[in-house]
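Here are some notes on charged side-chain pairs, for you to check against the model. Please read them with the structure open.

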Amino acid sequence: MKTTPETLPQCWQDFADLMAAGIDRVLLHGAPGTGKTYAGLTAKPAHQPAYRLICTDEMSTAEITGLWTPNGDHFTYREGLAVKAWRNGARLVIDEINRANGDVMSLLLAFTDTTASSSWQNPQTDEVITPAAGYSVVMTMNGEPADLEPALLDRFAARVEITQPHPAAIATLPDYLRELGATLGTLSDPTERASVRAMMTLAQVADAHGVARAAALILPQHADAIAQAYEVAQLERGGAA
């Protein structure tokens with residue numbers, strides 16, 4: 001995330017300050033499509049690997065710790081993403097944490113605890129694994145922190161409400177959509193809000209079928225504003241030429 005501090009919205013500056021302070025357990029919450037996952041996966045040292053868990057009602061604990069898998073005439077244990085993150089001192093991003101079921105939530109309490117209190121034993125080798133240096137966790141959710149269990153919240157004293165799309169995500173949009181994307185991504189009405197993800201989809205459709213068709217298919221409620229933004233960009237391009 002190369003954006004300079006002076007161009008960051010306050011919520012993203014808060015997150016950057018937490019990262020700079022070495023805080024290794026952070027909860028990002030707020031509207032969908034604002035770049036929370038992207039930030040969790042990228043706001044880290046370049047050499048540090050990152051793993052992502054997406055919580056659902058049907059998610060099993062195997063995704064966290066692993067499972068036995070057939071290997072010829074016997075079974076071997078394949079470790080899950082959280083264990084891999086421990087081994088590699090990696091960033092673990094846990095998305096949609098509020099959707100985790102009871103069994104998954106109980107296990108995640110162990111994998112988000114303080115490093116000094118954490119250990120897990122491989123059922124095949126009996127090896128006791130603890131988090132390697134650098135291990136950190138960023139959780140994301142679209143709801144409110146109050147929806148989470150108190151024990152989990154206690155592990156994440158650092159919480160940031162994300163109210164605006166990250167400038168690095170906005171910068172990936174075509175130039176005619178950037179200002180509009182930054183504005184529409186902050187609207188409080190969910191029926192009017194347009195996430196960066198929606199804008200990216202619109203841009204892809206526009207490449208194939210034109211801006212008017214893309215707006216009608218993806219964000220019809222903002223079709224006029226999108227058409228105007230495109231027209232202005234075209235005029236500015238012509239003037240620059």
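1. Start with R237 and D175. This is a predicted model, and in it the two side chains form a salt bridge, with N and O 2.9 Å apart. R237 belongs to helix α11 (residues 223-240) and D175 to helix α8 (residues 175-184), so this pair ties together parts that are 62 residues apart in sequence.

2. Look at the exposure of that pair. R237 has a relative accessible area of 41%, so it counts as partly exposed. D175 is also partly exposed, with a value of 41%.

3. Next, D113 and R155. Their closest N and O atoms lie 3.6 Å apart, and the pair forms a salt bridge. D113 sits in the loop between α5 (102-111) and β6 (120-121), while R155 sits in helix α6 (residues 150-155), so the contact ties together parts 42 residues apart in sequence. R155 is partly exposed, at 23% relative accessibility. The cut-off for buried is under 20%.

4. Then R87 and E79. Their side chains meet in a salt bridge, at 2.7 Å from N to O. R87 is partly exposed, at 37%.

5. A network of salt bridges links E79, R87 and E127.

6. Finally, the overall tally. How many salt bridges does the model hold? The count is six. As background, side chains of opposite charge can pair when their charged atoms come close.

Technical notes:
Residues are numbered from 1 along each chain as its sequence is written. This is a predicted model: local features need pLDDT of at least 70, side-chain atom pairs count only at pLDDT 80 or more; totals for chains, interfaces and linings use all residues. Side-chain values use heavy atoms; hydrogens and water are left out. A salt bridge is a side-chain nitrogen of Lys or Arg within 4 Å of a carboxyl oxygen of Asp or Glu. Buried means under 20% relative accessible area, exposed over 50%, partly exposed in between (1.4 Å probe, protein chains only). Helices (H or I, at least four residues) and strands (E, at least two) are DSSP runs, numbered from the N terminus.
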